[in-house]
Amino acid sequence: MPVIPDTHPAAPNGFPGFRSQIIALAGFLALSAAAWTLASVPIILNSNGWYAGSVKAPWMPPSWMFRTTWMLLYAGVAAAAWLVWRKGGLTGGARAGYVVQLLLNTAWPVAFFAMYPMLGTAALWTASW
């Protein structure tokens, strides 16, 4: 198969070119947005249900704060992955760690919010692991 030359070579300092960086950042943000959207579904469906009526410690955040905090968390995960990618370090174990982190962050609201009506307090213990 013929090799197609890269028309956008890396910048002289070893970083990917500006266009590649923008595309990569948009990709990481899109992955995080997809994970955030999936994680938001059980929060939306259950935050005004059992969670709103539960007895909470005084320091517990209001239900609206969960989605906002998750959005900031996912934006931070995307930015961190992009910074590691820029340095050429998002390979092998680092890439696997990034994917696992996204999956675990997406699974937590499911375990905490969605499974409570089915499992009761066992779901809360599962989410705390």
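Which backbone oxygen lies 2.7 Å from a polar atom of the side chain of T106? The backbone oxygen of L102 does, a polar contact (N or O atoms within 3.5 Å, one able to donate a hydrogen and the other to accept it). This is a predicted model, where local features need pLDDT of at least 70, side-chain atom pairs count only at pLDDT 80 or more, and totals for chains, interfaces and linings use all residues. Residues are numbered from 1 along each chain as its sequence is written, and side-chain values use heavy atoms, with hydrogens and water left out.

**Around T106**
- T106 sits in helix α4, residues 92-114 (helices are DSSP runs of H or I, at least four residues).
- T106 counts as buried because its relative accessibility is 15% (buried means under 20%, with a 1.4 Å probe and protein chains only).
- Beyond its neighbours within four places in sequence, T106 touches A35, L38, A39 and Y74 (contact means heavy atoms within 4.5 Å).

**α3 against α4**
- Helix α3, residues 64-86, packs on α4 at about 170°, with the axes 10 Å apart (axes are lines fitted to C-alpha atoms over the stretch in contact, and angles run from 0 to 180 degrees between N-to-C directions).
- So α3 and α4 are roughly antiparallel (over 145 degrees).
- T106 and L102 are among the α4 residues in this contact, and Y74 is one of those from α3.
- By class, the contact of α3 with α4 has 11 nonpolar, two polar and no charged residues.

**α1 against α3**
- The axes of helix α1, residues 18-46, and α3 come within 9 Å and cross at roughly 155°, so this pair is also roughly antiparallel.

Terms used:
Helices (H or I, at least four residues) and strands (E, at least two) are DSSP runs, numbered from the N terminus. Buried means under 20% relative accessible area, exposed over 50%, partly exposed in between (1.4 Å probe, protein chains only). Angles under 35 degrees count as roughly parallel, over 145 as roughly antiparallel, 65 to 115 as roughly perpendicular and the rest as oblique. Ala, Val, Leu, Ile, Met, Phe, Trp, Tyr, Cys and Pro count as nonpolar, Asp, Glu, Lys and Arg as charged, and the others, Gly among them, as polar.
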